[in-house]
Amino acid sequence: MLTGRPPYAVDRPITTPALVISLDNDTFPPVGAVDDLARLFSFTSVTRWHHASHQVPPDSTNDHIGRVRTPATVVDRTVTWWHGTPRN
């Protein structure tokens with residue numbers, strides 16, 4: 001999502017639990033668009049995490065495509081969030 005605007009009307013906050021992640025220096029999607037997407041969720045259901053460049057382990061990358069080759073930091077954060085987030 002490049003713009004942070006969904007292709008449909010969102011008339012109330014989304015309450016489904018969500019982990020919304022952005023990456024430093026990522027242009028697809030840019031941080032502003034990720035922030036806009038996160039704002040569509042209710043405050044209590046969204047966890048917003050920005051993966052800063054200084055958090056990237058040596059021999060890894062924070063590039064949108066490159067992180068697929070070295071996903072450990074993002075995967076660890078996602079698994080921790082998944083197991084710690086209550087669901088209805």
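Modeller: The protein chain has three helices and two strands. Helices (H or I, at least four residues) and strands (E, at least two) are DSSP runs, numbered from the N terminus. From the N terminus on, the order is β-α-β-α-α. Along its principal axes, the C-alpha trace spans about 45 × 30 × 20 Å.

This is a predicted model, where local features need pLDDT of at least 70 and side-chain atom pairs count only at pLDDT 80 or more, while totals for chains, interfaces and linings use all residues. Residues are numbered from 1 along each chain as its sequence is written, and side-chain values use heavy atoms, with hydrogens and water left out.

Confidence comes next. pLDDT is the predictor's confidence in each residue, from 0 to 100. Its mean over the protein chain is 86, and 94% of the residues reach 70 or more. Among the elements, β2 has the highest mean, 94. Helix α2 (residues 66–69) has the lowest, 77. Where pLDDT is low, the predicted coordinates should not be read in detail.

β1 covers residues 18–23. Its partner is β2, residues 46–51. The two run parallel, over six bridges; for strands to pair, DSSP must find at least two bridges between them. Look at the facing residues. L19 stands opposite T47 in β2. V20 stands opposite R48 in β2. Between the strands, the chain passes through helix α1 (residues 31–38). This β-α-β crossover is right-handed: with the strands pointing away from the viewer, the path from the first strand over the helix to the second runs clockwise.

How enclosed is β1? Five of its six residues are buried, so the strand is largely enclosed by the rest of the structure. Buried means under 20% relative accessible area, exposed over 50%, and partly exposed in between (1.4 Å probe, protein chains only).

Another polar contact, of 2.6 Å, joins the side chains of S22 and H50. The rule for a polar contact is a pair of N or O atoms within 3.5 Å; within protein, one must be able to donate a hydrogen and the other to accept it, and residues adjacent in sequence count only if both atoms are side-chain atoms. Contact in general means heavy atoms within 4.5 Å. Leaving aside neighbours within four places in sequence, S22 is in contact with V31, V34, R48, W49, H50 and H51.

V31 belongs to helix α1. At a relative accessible area of 28%, V31 is partly exposed. Beyond its neighbours within four places in sequence, V31 is in contact with S22, L23, D26, R48 and H50. V31 and H50 lie 19 residues apart along the chain, and their C-alpha atoms are separated by 8.3 Å.

For the chain as a whole, take contacts between residues at least 6 apart in sequence: 73% of them join residues at least 24 apart.
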